[in-house]
Every structure is written in C-alpha cells, then in structure tokens.
Amino acid sequence: MEHNLLADAVTYLFAAVVSVPIAKRLGLGSVLGYLVAGVLIGPFVLSLVSDPKDVMHFAEFGVVMMLFLIGLELKPSLLWRLRVPILGSGGLQVFLSSLFIGAIGLFFGLPWQQALAIGMILSLSSTAIALQSLQEKGQMKSTAGQSSFAVLLFQDIAVIPMLAILPLLVASDSLGLPVDAEGLHGWKKGLVAGGIIAAIVLGGRFLMNPIFSFIAKSQLREVFTATALLLVISVALAMQSIGLSPALGTFLAGVVLAESDYRHELESNIEPFKGLLLGLFFITVGASIDFNILSANPYLIVFMTLGLIIIKYLILQFIGRFTPMAKADRFTFAFVLSQAGEFAFVLFAFALGINLLPQELISKLTLVVALSMLLTPLMLIMNDKYVQPRFRNQTAQPEADAISEENKVIIIGFGRFGQAVGRLLAANKITTTILDHDASQIDMVRRYGYKVYFGEGERHELLHAAGADEAEVIVVAVDEPERSLRIIKTIQTHFPHVKILARAINRPHATELLKAGVTAIERETLAGGLELGAKVMQQLGWRYNNAWRASRLFKKHDEDMVQQMVDQMTSSKADEKLFINQSLAARDLIRKTLEEDQHWEHEVDEHAWERPGTFKKGTQTKETFTKDAPSLSKIVDEPTKKGTRSKSQATTETDDLDDSRSKNKHQMD
Amino acid sequence: MQPVLLILTHPNLQQSKVNRHLIQQAKSLDFVTIHDLCEVYPDGIIDIESEQRLLAKYDNIVFQHPFYWYSAPSLLKEWFDLVLQYNYAYGPNGNELKGKNWLSVITTGGGQMAYCETGHNRFTMAQLLTPFDQTAHLCQMNFLTPFIIHGTRKLFEDKSRLIQTSQSYVDALTKLSLGAEPKAEPEKEKEKEVHHNPENHPANKEA
C-alpha cells in the first residue's frame, strides 16, 4: 500500500469524522472515539496507516498547545493560589506512585535501577486524556478538575528532574556505560534555561501586547493566527533546545499572556489546532497498540495494566483524603488520573536510548500505557453512571465556586453605547468581560482601567473563550446591524442558555432583533431623543413631569408599534414580501410610523392629573372624548392645565426615522 | 375558584424577607396572578389603559404592600391617582369596578401593640386605613377585612410564627378565591363594625 501525506491525512480525518460523532452520540466521549478509531485503522485491524509512531511524535504537539491554552486561562495570581495542591497532591502522587510501582518491579526481580525508572515513568498520568475528558464534561473548573490539574502540572514539572535522574541510574549501574552529560555543564545549562524562561516572562509581559496590537490593526485574521502559532512553536522549540519540557514552556507563556488583552483571541486561534492535533495524538495511541504482544502474553499484560491502574487509583484516593475535596470529587480525581501518560512514551524511548531498560520490557510497558489510556474513558463512564449518582444528594449544597472568575456579563462592542452599559454596571460593582474588534478603541479604553479584549464576537470559539458558557447575559452593542444579527445568530446557536440584550441601530434592525427572539432591545437614539424632546416641551412652558410622562408614554407607544410590526410580519404570510425587499420594508415602516403618530392622543383631564395616554387607531379618538366631555364635575383639582393640546404636537418625535432612512438609502439603490 | 389579581407594591422587595416569602407562597397558588408594580413600572410611568384592561379580568383584587408613613408606597398611590379615574372607577358612569372585592394585605415593621390609642402610633390600623376603605367605597368595591402582618422585622427569625402567618396568608387568598368573603351589604356593615373596634380587629388575631 502506498502512503503519502494526503492519503494519510484522509485516513486519519475520515477515521475521526466517522468515529468521534458516533462515540459522542453513544455517550462515550470523544477521547474513546479517537482511540477506537486509531485501533481500527491501525496495523492490526484495517492496517490503513503504516507507522503511527512518526505521526504520534508530531501529534504530541497537541499536548503542548493544550498546556498553552490552559496557561492562558490561569492568571499568575490563580496559579499562586494553586501552589499547595500542586506541590502537595502532585508531589505526593509522583513520589508514592514511583515508590509502589518500583517496589513491585523489585518484587518481580528487576534490578532496582530499572524498577525505579519504571516507577517514575509510570507515575505520570496522561495530561491529554485527563484534561480533554474533564473539559468535555465541563469539569475543568470544578474542585476535582482543579485538583487533577494541579497534579498534572506537577507531573509536567517532574519530567525535567526525571530526564536528569535516568542517566544517573545507568551510571551507577555496573553494566552501563558512564553517561556523558550532554554537551553543556550543569550550571551553564541552568543559566541558559533561566535566561530563556526570563525571556518568555518579560517578552510576554512587555513585548507581546504592542506586537499583537500592531498585527491586529492590519485586520488580517490569518496573520494573527500565524503570529499565535509562531509564538507557541518558538517557545516550545526554545524549551526543547535546552532540554526542558516544551509543554511546560508554553504553559508558562500562556500564564504570562493570561493578562494580555489578546488572550481570548489567542485562545480561539490556537484552539482548533490543539483540538486536531490532540485528536490525531489519540488516534495514533490507538493505532500503536501492539496486539501481537497482547496475544503473546495476554494474562501478563492484562495483569500489568489492571495492576497499574489499581495502584495509581488507590494512591490518588489516599491523597484525596488530605485535600478539602468532597468524597464524590475524590472518585473523579482518582479515576481521571489513574492511567499512564504520553510522557511515558517519550521517557521509555529515552531510557532505551541510554540502555537503561531492555527493548522487550519497553514494548510490553508501552502496550500497558496505551491500554491504560484506552481504559480511562471507560472508567470515567463508569464513574458517571454508577459512582457519582450515589453522592448526588450530598454534593447538592456546597458546589464550591472553585476559581472560576468568569464574568456573568459579556459586552460585545465597546463603542459609545457599550461603554454606557459597561460604566453603569461597573459603577454597581458588576464586572464584565468586554470584546471589541477595534484595536485603537481597546488601547484608549484600557487606559481607564477597563479589561477589554480584542475579538470579533461572531466566532463562537472566541465567545467560548470569553466565558459565554458561564455567562448569564450577553450585551450585543456593536454599531452595524448586519454584524449584530450575525453575532446574535452565533450566540443562539452555540449558547442557547444565554440571555441576549441588544442595541438596536434603527427601526428595521429593531424588528429584526425582535424576530430573532432576543430578550430585550433598546434603540440607540430613541431614549435620548425623547428626553431632549421632553426638555423642549418644558421650555415651551410645560411642567417637566408632564412633559417627561408624555415622552415616556410616547416611547412605549413606539416600542409597542415595533412589536406589532414584528407580530404582523411573523404571523401573516402575505407580508413575506417585506422580508425579501428590505428597503421597501424600511420605507413602509416609516410611512406607517408617521401615520400612527397622527392618532396619538394625550390629554389632561379635569379629574385626575392625567387622562390615559392612549393610542387610538383610526378616527375613534373623537368618540372617547365625547364620552367624558359632558359630565365634568370637579372632584380633584387639576394643578396645571396646559389647555387642550392638539394631536399634532406629538407627531414630530419620530426619532430614528431619519436615521433609518439614511441608513437604508443605499439599500434601496 | 375565581382568579385573584395580586397587585404588589414593594419598592425594596430584595430586602424584605417576609414579603419575598409570602410572594413565594402566593406564586405557588395557580389562581393568583401577581402584578408587581415596581417591576412593571420602574420609572413610575404607569400605563393607565393596560392597568384598566387588567382590572377588567378580575373580580378579586389584592393590594399587597408595606405600610409606609401610615399609607401605601408612593407608586401605589400614583396608581390610585391615575388608574382609578373619573367615569371609570367612580362618577356617574364610573362603574367598571363595581362589586369587585378589595383585600389589602399590609405588612408593618412595628408590633401590633403600637397600633392602638395608647400605643405610640396613637391610632388603630382600622382608623389609619380609612382612606383605603373610602377609596374602595367610592369605587363601589367591597373593602374586605384587611390582612395585616405586624412586627415583620422580627417575623422571619421566629419560624413558628412565620409558618403560621404564611399559612393564614394562603388561607386568606384561598378564601377570597372561593368567594367565601361576604359581599352583601348587611355583611359589609358588620365588617365595618369590626374595623372600628380595636379588640375585635382581625389584625390583633394575627401572630
């Protein structure tokens, strides 16, 4: 069979496209879908791909990107708050697991160096599987999720000393060759590493914002994506060159950039790459499962796999007792981390290279690692189905907020209108996440202490990154009707639970918004225009309270009319034409509005301080007057009588009509 | 069961545990429709026509509000001023509300002992509520024995009294819906008697 790049790509993508949706449908989660797809296309079933190992090496970069994204969500202050679980739970987990697994190795007659190496390597869990599963279940921010993450982070750090210790184990072994500490001396290496980490921190803090700002102003989305990828890959490369974990490096870069204004945009740009590469990685893990070894020693492999999982599980349960986690969370925590991870592949290869472990043992252990990864999604399903329901009642009340600091309100578009909304909320201590696509606007507003992020808002990945999953309200305050409607469509498709409150640019836009079914709208100029109108009436001698009331009632009348238009449009098929020809619809709307205003009645009564401000249709108004007119006996004194006002007084306040007309002019052309 | 319209006016409902609790109870009764004036008219600009349309649908109207300065909160007063219009609620052609039941549900911060001739409020609740009584009378409505909850400041902590109060609140609404309250004229006279006699005042039976 001939394999070229495109053919392989088709195989992998096809496998993913077919198996993942099916797995999701069956409630098995995407990870298992990918793994099974890998098994199917692997050399032992369909044999569609030749050497998955090469691809796996490439796909491991997905893990690197994943840690970058996780870093983006963790501000340094949050990371600092996690220091106890990272060092405590993480340290204890790696230490105890290495010890126990190593002890078992000793028991089966391995030399202590090999036993210790295996213990250390297998103590690591799979960041990819654990975090992907947690994210898919929306548990990243739960207590169990945070604790698992802390342990995984420690493991990523622990890889570095492990890479240093493994060669020492060979050196002290009588059989091994003395290992030449590769190239640089220890302290020099430390210096370079320190320098590179400092460069990442300082560069991220002071250099990246201006650079992103410069690139964002070019308005080319793909260049921004390229910049984001360039950043992640260069950081990974720099770390690799000094022998440190690239995942850790990009995680650090992510943390530094977590406070950047471009955080959400970065997230949404890297996210698809991460997803694809991670999926590819899972497929290759599935494809690399060597069924020859399994069928050769089925009992041994099954025993080793189950043994590994059980030991790690028990140790994690034990550690869970020392954390403030609820019992239910401890189960999730222990299940999600009980497999061996992708670092094991790397470290086994390394151990083979320095002659620490024999090839035969490594191929068995690699199989065990892959199988344990394959079993994890199954254990998590078991956890969800049988273990967690037992704790439902007990866990109902506390529901710790964890360290989620996503805001309940997202404002998209921070121009004059969005700013007014944001300022009111800020003044009342309601914090908001703000998205705007105008880079220069961001710079300006940011100077006043607002947290504004660069982004377009039509892309659901960006909304997701901005916390739309947890938000209660999204304010769409952009100033272009088409864009506003596109954004709303995206929100309604991907985040149906969120309430949308929208700025309506003009009357046609208002009807479109209401048709789309948003929670509430406010027209951008109506309220202001009517308030000024009330002041005009005051200058003409009206009492301000009467003028104000007139203006407010007029607004209600106007809003009712827009609603009526919408109802008509949606109910009758005869008006379908209006949808097709937007400009005609807009013109018709203006005509109807002016016509309706002719019949607006608002009179002062002798008996109360106001007659109802009713809006009569057609010519019925006269009737209503004559009904009351003859029998005017004074009961309550009317303090201010402005005399009878003619209907025409109220007819001129058609606020945004001019606006809508001018905006629709080019539509008509 | 007849439907009941509960017109709630509480400018600071967020802070009133007792009223929130009671409204929660009322919400669970399917014959009660709650019309929250402060929520509908945050700017106090009352839509007279829509209010009158709403009133037309109900024969039993409950006005629930705290007792501010021996009267209703200003928004409810504004509502009276605007909605109860000449030739609608009163006047030669004003018969729209004729025969409907009016039940005031009022919460007071002070204890019931304050509301008597020797207490520091100097008047009984019945005396202080005469403007409401007369408003109902002019509108040809039946002013039913008001349901008064005294001492709300301490009520929420006193669980047994709270349970008892909310039970009798639900009973009062249910009774209203069942039409158990007397509507006929002679009965009404008797009712008024009760009002003017502090010892028999239903408010004193509370708590």
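Visitor: What share of the 207 residues in chain B is made up of buried residues?

Guide: In this predicted model, buried residues make up 36% of chain B. In chain A, 43% of the 669 residues count as buried.

Visitor: What makes up the secondary structure of chain B, and what is there in chain A?

Guide: Chain B comes to 10 helices and six strands. Chain A has 30 helices and six strands.

Visitor: Why are H11(A) and H13(A) called roughly perpendicular to each other?

Guide: The axes of helix H11 (residues 221-241) of chain A and helix H13 (residues 263-287) of chain A cross at roughly 75 degrees, coming within 9 Å. Angles of 65 to 115 degrees count as roughly perpendicular. H11(A) and H13(A) are therefore given that description.

Visitor: Which residues meet where H11(A) and H13(A) are in contact?

Guide: From H11(A) come A:Phe224, A:Thr225, A:Ala228, A:Leu229 and A:Val232, which meet A:Glu265, A:Leu266, A:Asn269, A:Ile270 and A:Phe273 in H13(A). The residues of this contact divide into seven nonpolar, two polar and one charged. Glu counts as charged, and A:Glu265 is among the residues from H13(A).

Visitor: What is in the largest nonpolar core?

Guide: That core has 158 residues, and those with the most contacts inside it include A:Leu35, A:Phe68, A:Ala344 and A:Val476. Helix H9 (residues 143-171) of chain A gives the most to this core, with 13 residues. Leaving aside residues up to four places away in sequence, A:Ala344 touches A:Ile121, A:Leu122, A:Leu124 and A:Val369. Another core, of 48 residues, lies apart from the largest one, and B:Leu6, B:Leu129, B:Phe143 and B:Ile148 are among its residues.

Visitor: How do you know where confidence in chain B is lowest and where it is highest?

Guide: The mean pLDDT is 38 in helix H9 (residues 185-196) of chain B, where confidence is lowest, and 97 in strand E1 (residues 4-8) of chain B, where it is highest. Chain B averages a pLDDT of 85, and 86% of the residues score at least 70.

Visitor: Over which residues of chain B does pLDDT stay under 50?

Guide: This holds over residues 182-207 of chain B, for which the model has 32 contacts beyond four places in sequence. Where pLDDT is low, the predicted coordinates should not be read in detail.

Visitor: What ipTM and pTM does the predictor give the complex?

Guide: The complex receives an ipTM of 0.71 and a pTM of 0.54.

Notes: Residues are numbered from 1 along each chain as its sequence is written. Chains are lettered from A and ligands numbered from 1 in the order in which they are written. This is a predicted model: local features need pLDDT of at least 70, side-chain atom pairs count only at pLDDT 80 or more; totals for chains, interfaces and linings use all residues. Helices (H or I, at least four residues) and strands (E, at least two) are DSSP runs, numbered from the N terminus. A residue is buried if 20 or more other C-beta atoms lie within 10 Å of its own, exposed if 12 or fewer, and partly exposed in between; C-beta atoms are placed from the backbone. Axes are lines fitted to C-alpha atoms, for helices over the stretch in contact, and angles run from 0 to 180 degrees between N-to-C directions. Angles under 35 degrees count as roughly parallel, over 145 as roughly antiparallel, 65 to 115 as roughly perpendicular and the rest as oblique. Two residues are in contact if their C-beta atoms, placed from the backbone, lie within 7 Å. pLDDT is the predictor's confidence in each residue, from 0 to 100. A nonpolar core is a set of buried Ala, Val, Leu, Ile, Met, Phe, Trp, Tyr and Cys residues joined through C-beta atoms within 7 Å.
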